[in-house]
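Biologist: Can you walk me through this model? I'd like to begin with the aromatic rings.

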Amino acid sequence: MSDIKCVVTTVSTMLSDDFCAEQFKSLIEAQWLEVDHRRKTGSLNVDFSKYLKMEELNVHFIVVAYRGTEIVGYNSMFVSPSPHTGELTAMTDTIYIKPTYRKEGLGSIMIDMAEQEARSRGCEH
């Protein structure tokens, strides 16, 4: 686990490099395929322009886990005011870790890092 590094980043950063973009999109598809057999909702059609717009509004970020240059997981997060309290709140959009890296604590590390980033953006919850 010590050879895995987690970073807070953006979709725009992930898409700016062809090698990263290919891996990132592959993980998104793997996550979709893993859960879609339960929902049967149709085909995956990610509109990255919406994520880029949310980044411009400073309401989206991701935590990405790397082992060397291999992307092994990601945690997509949204930040917005709660409609109930008005307080800034962070919510998980998606978290995915490649199966071979699960059950080693990586998910907890990624969630902790996302919580730290959310707090740095003013989130209380």
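Modeller: The structure holds 2 aromatic pairs. A pair here means rings of Phe, Tyr or Trp (its six-membered ring) with centres within 6.5 Å; planes under 30 degrees apart are stacked, over 60 edge-to-face, and the rest tilted. Phe 24 and Tyr 74 make an edge-to-face pair, with 5.4 Å from centre to centre and 80 degrees between the planes.

Biologist: Before we go on, what kind of model is this and how are residues numbered?

Modeller: It is a predicted model, where local features need pLDDT of at least 70 and side-chain atom pairs count only at pLDDT 80 or more, while totals for chains, interfaces and linings use all residues. Residues are numbered from 1 along each chain as its sequence is written, and side-chain values use heavy atoms, with hydrogens and water left out.

Biologist: Back to Phe 24 and Tyr 74: which elements are they in?

Modeller: Phe 24 is in helix H2 (residues 18-39) and Tyr 74 in strand E3 (residues 70-81), so the pair links parts of the chain 50 residues apart. Helices (H or I, at least four residues) and strands (E, at least two) are DSSP runs, numbered from the N terminus.

Biologist: Is Phe 24 buried or exposed?

Modeller: Phe 24 is buried at 3% relative accessibility, and Tyr 74 is buried too, at 4%. Buried means under 20% relative accessible area, exposed over 50%, and partly exposed in between (1.4 Å probe, protein chains only).

Biologist: And what about the rings of Tyr 51 and Phe 78?

Modeller: Their centres are 6.3 Å apart and the planes are at 20 degrees, so Tyr 51 and Phe 78 are stacked. Tyr 51 sits in helix H3 (residues 48-56) and Phe 78 in E3, 27 residues apart. Phe 78 is partly exposed, at 22%.

Biologist: Switching to the sheet. What is the strand order?

Modeller: The sheet is open, with 4 strands in the order E1-E2-E3-E4 and antiparallel pairing. Two strands pair if DSSP finds at least two bridges between them. E1 and E4 are at the edges with a single partner strand each, so one side of each has no neighbour in the sheet.

Biologist: How many bridges join E3 to E4?

Modeller: There are 9 bridges between E3 and E4. E3 and E4 form a hairpin with 6 residues between them, and Gly 86 in the turn has a positive phi of about 85 degrees.

Biologist: Which residues other than glycine have a positive phi?

Modeller: Among them are Asn 58, at about 60 degrees, and Lys 103, at about 65 degrees. Asn 58 is in the loop between H3 and E2 and is partly exposed, at 46%. Lys 103 is in the loop between E4 and H4 and is exposed, at 86%. Most residues other than glycine have a negative phi.

Biologist: Last one, H4. Which residues are buried there?

Modeller: In H4, Leu 106, Gly 107, Met 110, Ala 114, Glu 117 and Ala 118 are buried. They cover an arc of only 110 degrees around the axis, which puts them on the same side of H4; the arc is that of the directions from the helix axis to the C-beta atoms.

Biologist: What do the buried residues of H4 pack against?

Modeller: They pack against strands E1 (4-9), E2 (60-67), E3 and E4 (88-97), where contact means heavy atoms within 4.5 Å. The face turned away from the buried side carries the exposed Gln 116, Arg 119 and Ser 120.
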